[in-house]
Amino acid sequence: MAIVGPRPLPVDEAKQLKDWQQERHNVKPGIISPWIVTGYHSNSFEEWMKSDIAYIADKNPLYDISLAAKAMVLMISLLVNEIRIYLKFTKNRKNSFFITF
């Protein structure tokens, strides 16, 4: 598995891919992909497959670094948001069993 590449699919789903989507199996799967960085929750399966094929066609180290950097920013922003929610929840609680900062 690579750091950047198409996300792996469950075996059952991989067997159902169309011919043009099979190209995604020509490269190592990755932890980070364009699909993850560009809002995976709002993309359809078809858009996901198209982004994987486009990634494979334009694959280069600079693009991989760019995707990895975007993923790091996304992870940090999600973590900061979770900390804000936690602090808001624990702000007015006394004798809480939660650790406060």
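The exercises below work through helices, salt bridges, ring pairs and a surface patch in one structure.

The model is predicted, with local features needing pLDDT of at least 70 and side-chain atom pairs counting only at pLDDT 80 or more, while totals for chains, interfaces and linings use all residues. Residues are numbered from 1 along each chain as its sequence is written, and side-chain values use heavy atoms, with hydrogens and water left out.

**Exercise 1. Helix α3**

Solution: 

Step 1. Helices (H or I, at least four residues) and strands (E, at least two) are DSSP runs, numbered from the N terminus. The expected span of a helix is 1.5 Å times one less than its number of residues.

Step 2. Helix α3 has 13 residues, and from its first C-alpha to its last it reaches 19 Å, close to the expected 18 Å.

Step 3. Buried means under 20% relative accessible area, exposed over 50%, and partly exposed in between (1.4 Å probe, protein chains only). In α3 the buried residues are Trp-48, Met-49, Ser-51, Asp-52, Ile-53, Tyr-55 and Ile-56.

Step 4. The cover over these buried residues includes β1 (2–4), α2 and α4.

**Exercise 2. Salt bridges**

Task: How many salt bridges does the structure hold, and where do the partners lie in the chain?

Solution: 

Step 1. A salt bridge is a side-chain nitrogen of Lys or Arg within 4 Å of a carboxyl oxygen of Asp or Glu. The structure holds three of them.

Step 2. Lys-18 and Glu-46 form one, at 3.7 Å from N to O. Lys-18 lies in the loop between α1 (11–14) and β2 (30–32) and Glu-46 lies in helix α3, so the pair ties together parts that are 28 residues apart in sequence. Lys-18 is partly exposed at 44% relative accessibility, and Glu-46 is partly exposed at 29%.

Step 3. Arg-24 forms a salt bridge with Asp-52, with 2.6 Å between the closest N and O atoms. The pair links distant parts of the chain, since Arg-24 is in the loop between α1 and β2 and Asp-52 is in helix α3, 28 residues apart. Arg-24 counts as buried at 4% relative accessibility, and Asp-52 counts as buried at 0%.

Step 4. Asp-64 and Lys-59 also meet through their side chains in a salt bridge, at 3.6 Å from N to O. Asp-64 is buried, with a relative accessible area of 17%, whereas Lys-59 is partly exposed at 42%.

**Exercise 3. The contacts of Asp-52**

Task: Which residues are in contact with Asp-52, leaving aside its neighbours within four places in sequence?

Solution: 

Step 1. Contact means heavy atoms within 4.5 Å.

Step 2. Beyond those neighbours, Asp-52 is in contact with Pro-6, Arg-7 and Arg-24. Of these, Arg-24 is also the salt-bridge partner of Asp-52.

**Exercise 4. Aromatic pairs**

Task: Count the aromatic pairs and classify two of them.

Solution: 

Step 1. Rings of Phe, Tyr and Trp (its six-membered ring) pair if their centres lie within 6.5 Å; planes under 30 degrees apart count as stacked, over 60 as edge-to-face and the rest as tilted.

Step 2. By this rule there are three aromatic pairs.

Step 3. Trp-35 and Trp-48 form a stacked pair, 4.0 Å centre to centre with 15° between the planes. The pair links distant parts of the chain, with Trp-35 in helix α2 (residues 34–37) and Trp-48 in helix α3 (residues 45–57), 13 residues apart. Both Trp-35 and Trp-48 are buried.

Step 4. Tyr-55 and Tyr-63 have ring centres 5.9 Å apart and planes at 35°, so this pair is tilted. Tyr-55 is buried at 1% relative accessibility, while Tyr-63 is partly exposed at 29%.

Step 5. Ring pairs also join Trp-35, Phe-45 and Trp-48 into a cluster.

**Exercise 5. A patch and a distance**

Solution: 

Step 1. Patches are made of residues with over 30% relative accessible area and no salt bridge: like charges are joined within 9 Å, nonpolar side chains (Val, Leu, Ile, Met, Phe, Trp, Tyr) within 5 Å. Accessible areas come from the Shrake-Rupley method with a 1.4 Å probe, and for residues only the protein chains shown count as cover.

Step 2. Leu-79, Ile-83 and Leu-87 make a nonpolar surface patch of about 250 Å². Leu-87 is in helix α4 (residues 61–90) and is partly exposed, with a relative accessible area of 36%.

Step 3. Ala-69 is also placed in helix α4, and it is partly exposed at 40%. Ala-69 and Pro-6 are 63 residues apart in sequence and 16 Å apart in space, C-alpha to C-alpha.
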